[in-house]
Amino acid sequence: MLDRSTSAVHACAGALFTAVLACTPAAAAQAQPPETIKIGIISEESAIAGAGISRGAQVAADAINAAGGVDGRKLEVILYDDHSSAADAVRAFQRAASQDKVVAVIGTYISEIALALEPWAARSHIPFITTGAASNEISKHVHDDYDKNKYTFHQYLASPFVSDSICDGVKQLLQPQYSVKTAVVLSEDAAWTAPLDAEYLVCLPKIGVKVLDHIRFSPDTSDFTPLYNKIEGEKPDVIVTGISHVGVQPTVQWAQQQVPIPMIGMSSQATSGTFWKDTNGAAAGVVTFAIAAEGAVTPKTQPFVSSYAKRFGDAPPYTGFTTFDAINVLAEAIKRAGSTDGEKLVAALEKTDHVGTVGRVQFYGRDSEYTHAMKYGAEYVSGIMMQWQNGKQVTLWPKAAPQTKVSFPAFAQLKRP
Amino acid sequence: MLAVQILIDGFAISALYGLGAVGFTLMFGVSGVLNLAHGATMVVAAVTAWVVAGQYAANPWVAAIAGTAAGVITAFATYYLVVRPIQRSRSVPAAEKEIFVLTGTLLWGIMIQEAVAYFYTDNPKTVQPLIAGVMQIGGVRTPINELLIAVICWTVIGLLWLLVNRSKAGKVLLAASINPRALTLLGFELSQVYLQVWAIYGVLAGIAGVLLATFLGASSAQASQLTASAFSIVVLGGLGSVSGSLLAAYVVGYLETLTAYLISPAYRTVPALILLVVVIYVRPHGLLGRR
């Protein structure tokens, strides 16, 4: 009896031990949360547009995680500061790929840096989405060598589309009320403005605006008086801008010197919620293209602006909108692909059809010269024209609130026809 | 009309350059310190004025005073945290102290620059003009603030001249620049003299920073450029020579303005830098420097 019972105890103990051994890994696996999905964010934290990228990403990732993550896995955003240096950005990409094992990289508002990261996305087979750069060279590289560069996606409007949108805005918003027949194009000398200016020179004459001069200036310029002096001598109706690296200085000097010509066009810094404060109100009357702004573009725009402003104190710059959308686009692609493998993600990203804060996001296909760039058009993303009025960003075009009217400062009025 | 425009713009910018460089050269002349955190000091003053004006909705003059005070505080911080410890250190050989101070202030300047960029971004900040509006001078529409800047700069420079040449404290500063050892033998405490010069320097750099913010705007990214600009002017004028620095400020200011108007703003700084190289070759002690 004793032997039997002892052997029974031994047998039970043995069985229990075996069961524990057998069960331990499974139990441990159940106890551990599923692995996070890491996404690398590369931008300059001390630049307004750069901070917009990392902040937009955090707002998006937190919202997705609060809703349960992607197939039960949480998103983890890893931030890298590139100090607006291509070398730092490349090092960050290498670290993100080899050390931190991210599944995708999102970032940079500087075209030169996006172009420097494109080959690294190709080498590491990791999708890279740029959410603020505008040069059409980014998507042209994908088109010219698809198999190599297919990992890069351009989730901001390419420069020629920005020019087209601005020309449409001038035609539909200004020309019915004012005499806009001549312009001087004033752009900073950067990769993104070369195609922007080229398209300005095509689309402005098409809407009946004669370009009197085309001035490109160094982004290091601090005194704009000589430029304004030259432009004033040419007596254009408007100054059409292409500025992003600079913004505060040309705007403040335009207002202080009371240059009697309105400024319209692309002024990226003016899309930031802090621009009024940065310029002490000199931004009053500046009309700029924006990818989205406070108010309605889609039903998702205002809730995003509110949650961003609640968390960071100010409304997001343009990169905040596009990066928020990019994280959502990527999350959907991961779900569609059922994998975080680079090849599968690229295929899934190509099938993107996402209504985000800036409009309906889709990417151009392989046949387009803008392969993997965000589609432009009224049914996709077309941007808006906005203006700073009394400390607030006011959307003027294409859909303005009923009471909203374009308004220029007393020193820079447009003539009525 | 273009000539009048160049005259007015060149005058205002040169006055601002002069004010920025005078403190820098005075510091070198009296205490032998080349403060490479100079640009960062100006940026701190500019950003402080912007913060006080923007966040606390202060009057532009109150903001300007706060910015100038920030310039003085930064100058003292530079002296107490960086310069004095190096000057008093026993582990740094006497012959190498100058180069240590140079390196120390350079690194300190970068730290300030990064801190400003971290808290307030590297976007340029502009302070509301002390007097808004424009006036016509010879058919040229000129911001009143631009003229006010020139007036303030020359008033401050004039007061500095009076202080140095007509007051006892100023004569002590002059003596310290000529023969500090003899001054010590006469019973003057050199460290007190140095404190005075750092205070004067802080006021000058602070005012220059605030005025720059009301005129062209200032950003943390510009800090090294502002130091380089002051350094070039001081070398061109002659290290330690206040009148040389003022002359050089006007040479550089007008050369830059002429280039910006007649050639292109993109080449604004090139002729002045070429002139600097030529002067270094032909007249290494600068335009009015002592041999």
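User: Domain bounds come from an automatic or database domain assignment; which stretches does the domain assignment of chain A give?

Analyst: In this predicted model, the assignment gives domain 1 as 37-156 + 299-357 and domain 2 as 160-295 + 382-397 of chain A. Taken over C-alpha atoms, the centres of domain 1 of chain A and domain 2 of chain A are separated by 28 Å. The contact takes 22 residues from domain 1 of chain A and 18 residues from domain 2 of chain A, where α2 (48-66), α4 (111-124), α12 (301-312) and α13 (318-337) of chain A each supply at least two residues of the domain 1 side. By class, that side of domain 1 of chain A has 12 nonpolar, seven polar and three charged residues.

User: What makes β2 and β5 of chain A edge strands?

Analyst: The open sheet of five strands in chain A has the order β2-β1-β3-β4-β5, with parallel pairing, and β2 (75-81) and β5 (152-154) of chain A each pair on one side only. Pairing requires that DSSP finds at least two bridges between two strands, and β3 (residues 104-107) and β4 (residues 128-130) of chain A, with three bridges in the parallel sense, therefore count as paired. Within β4(A), A:I129 stands opposite A:I106. Neighbouring strands of this sheet are turned by 20° against each other on average, direction ignored, and α2(A) lies across β1 (37-43), β2 and β3 of chain A, running at about 170° to β2(A).

User: How do you know that β13 and β14 of chain A are paired, and in which sense?

Analyst: Strand β13 (residues 384-389) of chain A pairs with β14(A) over five bridges in the antiparallel sense, and at least two bridges are needed, so the two strands qualify. The bridge partner of A:Q387 is A:V394 in β14(A). Both strands belong to an open sheet of seven strands with the order β7-β6-β8-β9-β10-β13-β14 (chain A) and mixed pairing; its edge strands are β7 (210-217) and β14 (392-397) of chain A, and its twist averages 25° from one strand to the next.

User: Why is chain B described as being as compact as a globular protein of its length?

Analyst: The radius of gyration of chain B is 19 Å, which is close to the 19 Å that the globule rule gives for 291 residues, so chain B is as compact as a globular protein of that length. Its C-alpha atoms fill a box of roughly 60 × 50 × 35 Å, taken along the principal axes. Chain B has 11 helices and two strands.

User: At what angle do α1 and α10 of chain B pack, and what handedness is their crossing given?

Analyst: Helix α1 (residues 2-31) and helix α10 (residues 242-262) of chain B pack at an angle of about 145°, with their axes 7 Å apart, and the crossing of α1(B) and α10(B) is right-handed. Among the residues that meet are B:I6, B:I13 and B:Y17 in α1(B), and B:L246, B:Y250 and B:Y254 in α10(B). The residues of this contact of α1(B) with α10(B) divide into 15 nonpolar, seven polar and one charged.

User: How many residues of each chain are in contact across chains A and B?

Analyst: With a cut-off of 7 Å between C-beta atoms, 23 residues of chain A are in contact with 23 residues of chain B. On the chain A side, α9 (225-234), α10 (248-256) and α11 (275-278) each supply at least two residues, and by class that side has seven nonpolar, 13 polar and three charged residues.

Conventions: Residues numbered from 1 in each chain as written. Chains lettered and ligands numbered in written order. Predicted model: local features only at pLDDT ≥ 70, side-chain atom pairs only at ≥ 80, totals over all residues. Contact = placed C-beta atoms within 7 Å. Helix = DSSP H or I, 4+ residues; strand = E, 2+ residues; numbered from the N terminus. Nonpolar A, V, L, I, M, F, W, Y, C, P; charged D, E, K, R; others polar. Axes fitted to C-alpha atoms, helices over the stretch in contact; angles between N-to-C directions. Left-handed = near helix turned anticlockwise from the far one by under 90°. Domains from an automatic or database assignment. Rg over C-alpha atoms; globule rule 2.2 N^0.38 Å.
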